[in-house]
Amino acid sequence: MSETQSMSETAPHVRIRAIGPEHLAQRVQVRGWLRNKPGGKGRYFLWLRDGSGEIQAIVEEAKVSPEQWQLVDEIGIESSIVVDGIVRAHPKNEDEYELEFQRIRVIQSVSDYPIGKKEHGTEFLMKNRHLWLRGKRQSAILRIRSEIHKAWADFFHDRGFFRVDTPIFTPNACEGTTTLFEVEYHGDTVYLSQSGQLYNEADIGALGQVYCFGPTFRAEKSKTRRHLLEFWMLEMEAAYYDMHDNIRFQEEMIAFTVGRILERCMPDLHDIWSAVRSDDKRSFEDWVARLRPSLATPYPRMRYGETIELINGERERYLQEYQEQFPKATIAFEDGSLRAMKKLTWDELREAWLACTIKEFQASGKAAAASDDDDDDSGAEKSAALPAARPFRWGEDYGAPDETLIGAQFDRPVFVSNFPIEIKGFYFKDELDDSGERVIDPVFAALPEGLKEEGMSGYTVMGSDLIGSEGAGEMIGGSQREDDTERLFEKVRHHQLPEDEFQWYLDCRRFGNVPHSGFGIGLERFTAWVCGGTDTPVHIREVITFPRMLHQYRP
Ligand code: 4AD
Ligand code: MG
């Protein structure tokens, strides 16, 4: 007889999450682990977990045999156990159940589980990620991630999309050569995939509307709460979609997914919320309310140009506060091979930036770090004042604080679109006017020279990012693809891409070229946004079982 059969001899096995009113007064069997064991002196409350949820079994010494009591008395946290009990309604909480203990079988008794109730540091937890995963909050986040997988599959298949699986070994870059991982491929050099997009663009020739979903690799040097070196990206591509169709599709997908989470993951959200230790935390309902605005579309939209004034207004305000505390700024700059320090008043500093006369100046390492590296772990005091003294210019990419600021303007995610052509990849379509001419962005045309990076044309592309509220940062990057074959060839050359390697891609433009669009959404960024919030931040290392981050690839 197999182990499974013998275990179910006495009572039918149920998964804890599946226990419902139909089980009331029934004897069931729960197979799992011991989360905790409050009590003592004649009575224990066994907190059982089986990966789907938790349930409490109440054991009274007077009601069980001495052998059974001894087993219960001896087991420690994370012992593996099989418990039979009778399902009872929870005396206080509606829709919750508990077990009247009948019998225990100890599969393995554990007495020295290394993760205790005391607070552990991140380093310890990451080293023990294989065990940390079992934590209440950690496992709740993973269940939500799993539900998002299901929601996305349903969303795409219900809309006539086909799933394709794009290769992981790739001969060339899609998103730029600086973040490629090299792999030796029987004597050749290939790279781990940064994006399945180029293959998706070919796949729509066969299937019309596709998505792929797989591991994605970026050799990023950034250590932030939003960056992984290996993450999971869902990428969609659809023939005959323009940028606006693409944006509408994205917001519909986010609204659908949030709806699913609210419908199916309340117990998991509750587990995450209850793990937040704070005296003045919001009620669960108020906390969950942060997600509800995202059920309604359309989401707000801004052009890149419009965000410049927003960011600079905020920097100005911040700087004014800071100046009152510190009258002068210290700037480190490279003068030939010499590294020198100079004290400037804030006004001098700002004027110098505006006049572009201190391009050689490197704000001190600390200040530079403050703009990109927002990972709380370092514990270092971070000054945002130096980056704030420098105005944001047309042609810059957003830093983490800029994205946070943009996201903070709204109660749901916001689309930012029409970026400068110079900062986007070769495949983005030019923004054109009705006569098919390229457009100089009106904001760019009106900006003073000091607010433009060098060499900017003012031309823009038909791409959009979706930025999450509450500091989630960029969750989606998408665009209409360049379908003007001549322009695309030009861009491939301009970006100095290996033309030979791109012939197959260009073939798709030569034979049956169509307007098309697509996007990529990072599963971890999105899951962190769903599970987190300003006062309950979720780090990206918590939303994947075994995160791969800068200098972190174990266990
Ligand atoms: O904006 P990205 O680089 O876009 C692309 O790769 C396109 N080829 C997608 C497409 O159009 N098919 O990346 C898309 C998303 C980001 O918005 C972010 O959510 C996630 O992928 N992402 C990361 N997530 C975690 N760690 C990283 N290092 C990430 N880099 C990107
Ligand atoms: Mg992007």
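Start by colouring domain 1 (3-108) and domain 2 (136-288 + 516-542) separately in this predicted model. Both domains give residues to the lining of the second largest pocket, so that pocket lies between them.

**Stop 1: the pocket between the domains**

Select Trp 132, Lys 136, Arg 137, Ala 275 and Arg 277 to bring up the residues that lie nearest the centre of the second largest pocket. They belong to a lining of 35 residues, and the space within the pocket comes to about 1,200 Å³. Next, show the elements that give two or more residues to this lining: β1 (27-36), α3 (122-127), α4 (129-132) and α5 (136-158). Of the elements, which gives the most to the lining? It is α5, with three residues.

**Stop 2: ligand 1**

Centre the view on ligand 1 and display the 23 residues that surround it. The closest of these are Glu 175, Gln 197, Glu 235, Glu 474 and Met 475.

Now draw some distances. From Glu 474, a polar side-chain atom lies 2.6 Å from an oxygen atom of the ligand. Two further contacts come from the backbone: an N or O atom of Leu 228 is 2.9 Å from a nitrogen atom of ligand 1, and a polar atom of Gly 477 is 3.4 Å from an oxygen atom of the ligand.

How much of the accessible area of ligand 1 does the protein cover? On its own the ligand has 630 Å², and the protein covers 94% of that. Switch to cartoon and pick out β12 (230-239), β19 (473-480) and β20 (516-522), the elements that give two or more residues to the shell. By class, the shell divides into eight charged, eight nonpolar and seven polar residues.

**Stop 3: the cavity**

To see what lines it, select Thr 170, Asn 172, Cys 174, Leu 180, Leu 192, Ser 193, Gln 194, Ser 195, Leu 198, Tyr 199 and Trp 504.

Conventions:
Residues numbered from 1 in each chain as written. Chains lettered and ligands numbered in written order. Predicted model: local features only at pLDDT ≥ 70, side-chain atom pairs only at ≥ 80, totals over all residues. Heavy atoms only, no water. 1 Å grid on protein atoms, 1.4 Å probe; cavity = no way out; pocket = protein on both sides within 12 Å on 5 of 7 lines; lining within 4 Å. Points joined across faces, edges and corners; volume = space filled by probe spheres on them. Helix = DSSP H or I, 4+ residues; strand = E, 2+ residues; numbered from the N terminus. Domains from an automatic or database assignment. Near = heavy atom within 4 Å. Polar contact = N/O pair within 3.5 Å; in protein donor to acceptor, adjacent residues only side chain to side chain. Areas by Shrake-Rupley, 256 points an atom, 1.4 Å probe, with all protein chains shown as cover. Nonpolar A, V, L, I, M, F, W, Y, C, P; charged D, E, K, R; others polar.
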